[in-house]
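Here is a short walk through one protein model, written for someone who likes to have the structure open alongside. Have a look at it first, then read on.

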Amino acid sequence: MIKTLHGHSHLTESLVFTPNGNFLISWSDDQTIKIWEIESGRCVKTLGGQIGRICCVAIDQSGELISSSSSDKIVRIWNFDSGDCLATLSGHSDWVIGIDFHPMNSSIIASCSGDRTVIIWDLKGGKDKSVLKGHKAWIKSVKFSPNGNLIASSSSDRTIRLWEVETCQCVKILTGHEGWINSITFSPDGKFLISASSDESIRMWDVETGENIHILEDK
């Protein structure tokens, strides 16, 4: 262990590095987001103002914008350098559980919620661009593909849906997990999708065909 970062006053939920690797962003049940300088281990900024439990934080590829989601049903957009809240996005009717920036266009963000919807937001307009419906239960995670053409969403309805960003249509439904699908991520080349579930397995999917090509489990 080379460093311990102290500062949060409650359970620390998760972490994400900035794209340049110089900073670490953490969020906590103390309703704050903290930005830590890696080299010194010093907290350089604390973002407050969240109401309720912070569920997810994401940073865009430029490292200039941070987005956060909360049980207060709001998505907030922050300026990394100043720490100012630039926008609050209202539209979900339940906890906003997951968020992700479009990899090519930081003005586009996707969020998912306990209200069973994914919303694609246009930050320039400040209004929701499109509401994607189809899941039958809480949506736990949402991710853009590396080229930005697809959105993947995973749900406690035990399915993953692949949505075409341009048309906002669901193009594939991936089934096979026997429990809530809590987390998903694309491979860097976008050819594969990885999912983790409460059924104690990790699955690898071929994005083009929708085929489940590997199941990783310790049994």
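Beyond its neighbours within four places in sequence, Ser 155 is in contact (heavy atoms within 4.5 Å) with His 135, Ala 137, Trp 138, Ile 139, Lys 140, Trp 180 and Ile 181. Keep in mind that this is a predicted model, where local features need pLDDT of at least 70 and side-chain atom pairs count only at pLDDT 80 or more, while totals for chains, interfaces and linings use all residues. Residues are numbered from 1 along each chain as its sequence is written, and side-chain values use heavy atoms, with hydrogens and water left out.

Ser 155 sits in strand 14 (residues 150-155); strands here are DSSP runs of E, at least two residues long, numbered from the N terminus. Ser 82, in contrast, is found in the loop between strand 7 (74-79) and strand 8 (85-90). Ser 155 counts as buried because its relative accessibility is 0%, and Ser 82 counts as partly exposed because its value is 39%. The cut-offs are under 20% relative accessible area for buried, over 50% for exposed and partly exposed in between, with a 1.4 Å probe and protein chains only.

| Serine side chain | Backbone nitrogen | Distance |
|---|---|---|
| Ser 82 | Asp 84 | 3.1 Å |
| Ser 155 | Asp 157 | 2.9 Å |

Along the chain, Ser 82 and His 92 are ten residues apart, and their C-alpha atoms are separated by 27 Å.

The largest pocket holds about 980 Å³, a volume being the space filled by probe spheres set on grid points that are joined across faces, edges and corners. A pocket is an open set of points on a 1 Å grid over the protein atoms alone, where a 1.4 Å probe fits, with protein on both sides within 12 Å along at least five of seven lines; lining residues have an atom within 4 Å of a point. There are 39 lining residues, and those closest to the centre are Cys 56, Val 57, Ile 99, Ser 141 and Lys 143. Strand 5 (54-59) is among the strands that each supply at least two lining residues, and strand 5 gives the most, six.

Finally, strand 19 (residues 202-206) and strand 20 (residues 212-216) run antiparallel, joined by four bridges; strands pair if DSSP finds at least two bridges between them. Met 204 stands opposite His 214. Five residues lie between the strands of this hairpin, and Gly 210 takes a positive phi near 80°.

Methods:
A polar contact is a pair of N or O atoms within 3.5 Å; within protein, one must be able to donate a hydrogen and the other to accept it, and residues adjacent in sequence count only if both atoms are side-chain atoms.
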